[in-house]
Amino acid sequence: MEEIYYITFREARMLLASRGKVKLNLDLRKTNRTWEVEIREEGAVFPDGTLVERDVLEKIAKDDGTVYFVSNGGVYKAAIAGKSGFYKLVPTIPPTIEINGIRMHRTKEVNPLQDTRNKVNTVMPKEGETVLDTCMGLGYTAIEASKRGAYVITIEKDPNVIEIARINPWSREMFTGGKVQVIQGDAFEVIKKFNDGSFDVVIHDPPRFSLAGELYSEEFYRELFRILRPGGRLFHYVGNPGKKYRRKDLQKGVMERLRRAGFVGVRRVEEALGVVARKPEKAGKAGQRD
């Protein structure tokens, strides 16, 4: 398998400032491993023999919003220009994905890994449980849940997102077998194919309401209720779009629809910017309370 070396503005600046041979991390700090790079007048020679010319390094050094990688003798942006927009890996640690200028993880108050753990901690998947992650993204939620012993099914609608995840070293565990199954498809449709009571936990982290309103609908919540086992737990990331400036409380509407769909114990979890709920132990049809 061809080894891939990742460069951000950080590594490019270090290489430009170095002489001789330098050891540095080239996997976006996924591990503590270092690789030796030889600095020459014309540029930097990577372990596979690829020469990255000095003017290319200077360009990367000025771009603090993009991940680059060296593979098969060339230098590439970790980005895709698709029909539905522009996708790129952003060099936060760990990386986030940006779609049409919108980052898919919180990166200001917390890093994407802390953000993921905040979400997963609300439902605490256990050894032997089955988890549905409705919207994969880079797969951090699925990976974190699987590390806790759960078997995870994760759904992603956009093939470009899956391709970016395949580039990202922090997402690699999703594609190496084990306890994560990736399904490409629309969660609104895929969920209808699961049997009643298939999951112990659902982690629902959809795109913003303006992009995927159907994933905030009572109809979809009734499907989430159906596929959960009695006593099953749900975390629903909502965020707080519009609340600061328009006094709009999207979480309140989500909570009301979840209750109508049959969920109990519905409450906000401020540190995760979302809502938790559960299916009653003795659940009737959706919409009935215990």
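Mentor: Let's start with a term: two strands pair if DSSP finds at least two bridges between them. Keep in mind, too, that this is a predicted model.

Trainee: Okay, so what order do the strands of the open sheet have?

Mentor: The general idea is that strands of a sheet pair through backbone hydrogen bonds, either parallel or antiparallel. Here, seven strands form an open sheet in the order β14-β13-β12-β15-β16-β18-β17, and the pairing is mixed. Its edge strands, each pairing on one side only, are β14 (180–184) and β17 (264–269). On average, neighbouring strands in this sheet are turned by 15° against each other, ignoring direction.

Trainee: Take β12 and β15: do they run parallel or antiparallel?

Mentor: β12 (residues 130–133) and β15 run parallel, joined by three bridges.

Trainee: Which strands does α4 lie across?

Mentor: α4 lies across β12, β13 (151–156), β14 and β15. Against β13, the helix α4 runs at about 175°.

Trainee: Now the inside. How many residues does the largest nonpolar core have?

Mentor: In soluble globular proteins, nonpolar side chains tend to be buried together. In this model the largest such core has 37 residues, and L89, V131, L138, I164, I203 and F235 are those with the most contacts inside it. At least two core residues each come from β9 (85–90), β10 (96–99), α4 (140–147), α5 (159–167), β15 (199–204) and β16 (228–237). The largest share, five residues, is supplied by α5.

Trainee: I203 keeps turning up. What does I203 touch, leaving out residues up to four places away in sequence?

Mentor: With those left out, I203 touches V120, V123, V131, L132, D133, T134, T141 and F235.

Trainee: And how many residues are in the other core?

Mentor: The other core lies apart from the largest one and has 31 residues, including A187, Y221, F225 and V266.

Trainee: Let's zoom out. How many helices and strands does the protein chain have?

Mentor: The chain has nine helices and 18 strands. Its C-alpha atoms fill a box of roughly 75 × 45 × 35 Å along the principal axes. Of the 290 residues, 53% are buried.

Trainee: What share of the contacts with a separation of 6 or more comes from residues 24 or more positions apart?

Mentor: That share is 59% in this chain.

Key:
Residues numbered from 1 in each chain as written. Predicted model: local features only at pLDDT ≥ 70, side-chain atom pairs only at ≥ 80, totals over all residues. Heavy atoms only, no water. Core = buried A, V, L, I, M, F, W, Y, C linked by side-chain atoms within 4.5 Å. Buried < 20%, exposed > 50% of the residue type's maximum accessible area, 1.4 Å probe, protein only. Helix = DSSP H or I, 4+ residues; strand = E, 2+ residues; numbered from the N terminus. Contact = heavy atoms within 4.5 Å. Axes fitted to C-alpha atoms, helices over the stretch in contact; angles between N-to-C directions.
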